[in-house]
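Take a look at the chain below. Keep its sequence at hand as you read.

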Amino acid sequence: MKTRYDSKTTDYHFKEGDLVWMYNPKRWRGLSSKLQQNWEAPCTVVKKLNDVVYRVQRSPNAKPKVIHINWLAPYRATDHSPKSSTQSPDLSPTENFWEMLERHIQKQSPVP
């Protein structure tokens with residue numbers, strides 16, 4: 001039994017000041033649970049109370065919460081800026097739709 005339980009547990013270890021995702025399943029009436037956000041981020045680890053329990057604070061003015069490690073996940077900042085490899089080579093970032101459409105029409109040759 002214990003080996004099955006341990007296979008689903010996390011191996012994360014956080015230090016004070018680390019940013020983490022905190023699982024907080026709030027339910028709102030009128031919105032499907034599938035569409036609700038269950039994870040809050042970024043939260044800061046205030047203190048490690050023991051091996052599996054942490055004190056976490058959402059903002060400097062918020063009340064700290066005591067959370068089990070299974071309800072925490074490491075926070076990794078993501079860069080959502082457009083990459084040059086994902087952009088079309090024909091389209092510069094400053095070009096608007098109408099300029100692109102005009103260039104496209106000019107490229108097409110008339111049908112003989």
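This report covers the nonpolar core and the aromatic rings.

The model is predicted: local features need pLDDT of at least 70, side-chain atom pairs count only at pLDDT 80 or more, and totals for chains, interfaces and linings use all residues. Residues are numbered from 1 along each chain as its sequence is written, and side-chain values use heavy atoms, without hydrogens and water.

**Core.** The largest nonpolar core has 10 residues: Phe14, Val20, Met22, Cys43, Val45, Tyr54, Val56, Ile67, Ile69 and Leu72. Such a core is a set of buried Ala, Val, Leu, Ile, Met, Phe, Trp, Tyr and Cys residues joined through side-chain atoms within 4.5 Å. At least two of its residues come from each of strands E1 (19-23), E2 (39-48) and E3 (53-57). Strands are DSSP runs of at least two residues, numbered from the N terminus. In soluble globular proteins, nonpolar side chains tend to be buried together.

**Rings.** The whole structure holds five aromatic pairs. Rings of Phe, Tyr and Trp (its six-membered ring) pair if their centres lie within 6.5 Å; planes over 60 degrees apart count as edge-to-face. Tyr23 and Trp71 are edge-to-face because their planes stand at 75 degrees, with ring centres 5.0 Å apart. Tyr23 lies in strand E1 and Trp71 in the loop between strands E4 (65-68) and E5 (72-74), 48 residues apart. Ring pairs also join Tyr12, Phe14 and Tyr54 into a cluster.

How accessible are Tyr23 and Trp71? Buried means under 20% relative accessible area, exposed over 50%, and partly exposed in between (1.4 Å probe, protein chains only).

| Residue | Relative accessible area | Class |
|---|---|---|
| Tyr23 | 25% | partly exposed |
| Trp71 | 40% | partly exposed |

Technical notes:
Helix = DSSP H or I, 4+ residues; strand = E, 2+ residues; numbered from the N terminus. Phe/Tyr/Trp six-rings, centres within 6.5 Å; stacked < 30°, edge-to-face > 60°.
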